[in-house]
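Here are my notes on the model, as numbered points. Please read them with the structure open.

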Amino acid sequence: MLEIRQVVKTYGKNAPAVDHVSLSLTQGVVGLIGHNGAGKTSLMQMIATLTRPSSGQILFQGVDIVKNPNAIRQRLGYLPQDFGVYANLSALEFLQYFAALKGVRNPARLLQLLEMLNLHEHAHKPASTFSGGMRRRLGIAQALINDPDILIVDEPTAGLDPEERLRFRNLLAELGFKKLVIMSTHIVSDVASIASELAIMRQGKLIAHQSPDVFLQQARGQIWSAQVAHSDFEALSARVNVLQAQRSGSSVNLRIAHPHSPCADAALAEPSLEEALMAQRYASLEQAA
Ligand SMILES: Nc1ncnc2c1ncn2[C@@H]1O[C@H](COP(=O)(O)OP(=O)(O)OP(=O)(O)O)[C@@H](O)[C@H]1O
């Protein structure tokens with residue numbers, strides 16, 4: 001469905017924000033993971049035709065969208081990172097406004113979307129009274145008005161409480177059954193359970209693109225749990241890759257990435273996706289939610 005070929009984006013004389021990225025995507029939820037500044041937003045904005053690549057090609061169903069942006073615009077829904085609602089408009093008025101902009105004349109569709117996003121009871125309330133999660137859901141409703149084939153959502157869970165986060169995750173998972181959903185995040189656990197593929201970006205480069213299962217498979221046999229005396233912790237952590245350390249009385253419970261047993265009494269552990277990425281140095285501890 002979407003073919004990204006050797007795409008580069010440079011701003012001024014800076015190092016490329018996106019550096020020769022190639023990706024081929026079809027259906028499902030794709031988690032675009034990377035630190036702040038890794039180039040996720042720049043890549044998404046190029047797919048959304050909001051900015052043009054400095055070089056390279058992006059094809060949607062075989063059509064070059066740099067030369068022919070309308071080929072994707074009609075089939076795309078986009079929820080930007082800093083999406084704001086118009087506080088004076090009600091949820092329904094807000095959708096009516098976007099429907100008019102997008103040329104969608106189907107009032108039933110708007111009601112259906114409000115229902116789908118569990119906002120129907122708030123249809124006539126001003127968006128100024130909405131929680132962060134409700135605003136984000138209204139943002140998704142806006143992105144879905146034209147029933148797009150591709151939905152791009154940039155850091156959609158930032159600032160949401162755990163319940164809203166879960167609800168949002170489920171919604172994206174459901175959409176991923178029928179569409180290509182590209183979701184950027186620096187929080188691995190937000191996409192771990194729903195992504196069919198993970199694309200990892202670092203300093204503009206795509207450094208890995210695989211299914212979560214493959215990442216997990218690669219990490220198996222390298223993740224260890226161990227309990228060490230507090231006095232031994234420093235020496236051990238200088239020697240091995242400690243993923244997590246939790247103090248418990250006079251000892252420390254550790255999760256460690258190491259190719260073989262890192263210390264006495266270490267036991268092999270089943271990696272979480274986050275640990276699998278950390279073990280490969282695709283992600284870092286700070287990325288934990
Ligand atoms: N319009 C712009 N002009 C100049 N530099 C930019 C512009 N947009 C992004 N950059 C730079 O490009 C790099 C990649 O930024 P980008 O926003 O694409 O990354 P990101 O992974 O989405 O990060 P974040 O999660 O913080 O949004 C950064 O160094 C950023 O400062």
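Helices (H or I, at least four residues) and strands (E, at least two) are DSSP runs, numbered from the N terminus. This is a predicted model, in which local features need pLDDT of at least 70, side-chain atom pairs count only at pLDDT 80 or more, and totals for chains, interfaces and linings use all residues. Residues are numbered from 1 along each chain as its sequence is written, and side-chain values use heavy atoms, with hydrogens and water left out.

1. Helix 4 spans residues 107-116 and is followed by N118, which has a positive phi, near 60°.

2. R109, L110, L113 and L114 of helix 4 are buried (under 20% relative accessible area; exposed is over 50%, partly exposed in between; 1.4 Å probe, protein chains only). These residues lie on the same side of helix 4 because they cover an arc of only 135° around the axis, taken from the directions from the helix axis to the C-beta atoms. The face turned away from that side carries the exposed A108 and E115.

3. The cover over the buried residues of helix 4 includes helix 3 (91-102) and helix 5 (132-144).

4. H258 sits in the loop between strand 13 (251-257) and strand 14 (267-268). H258 is buried, at a relative accessible area of 14%. Beyond its neighbours within four places in sequence, H258 contacts (heavy atoms within 4.5 Å) G221, Q222, W224, R239 and V240.
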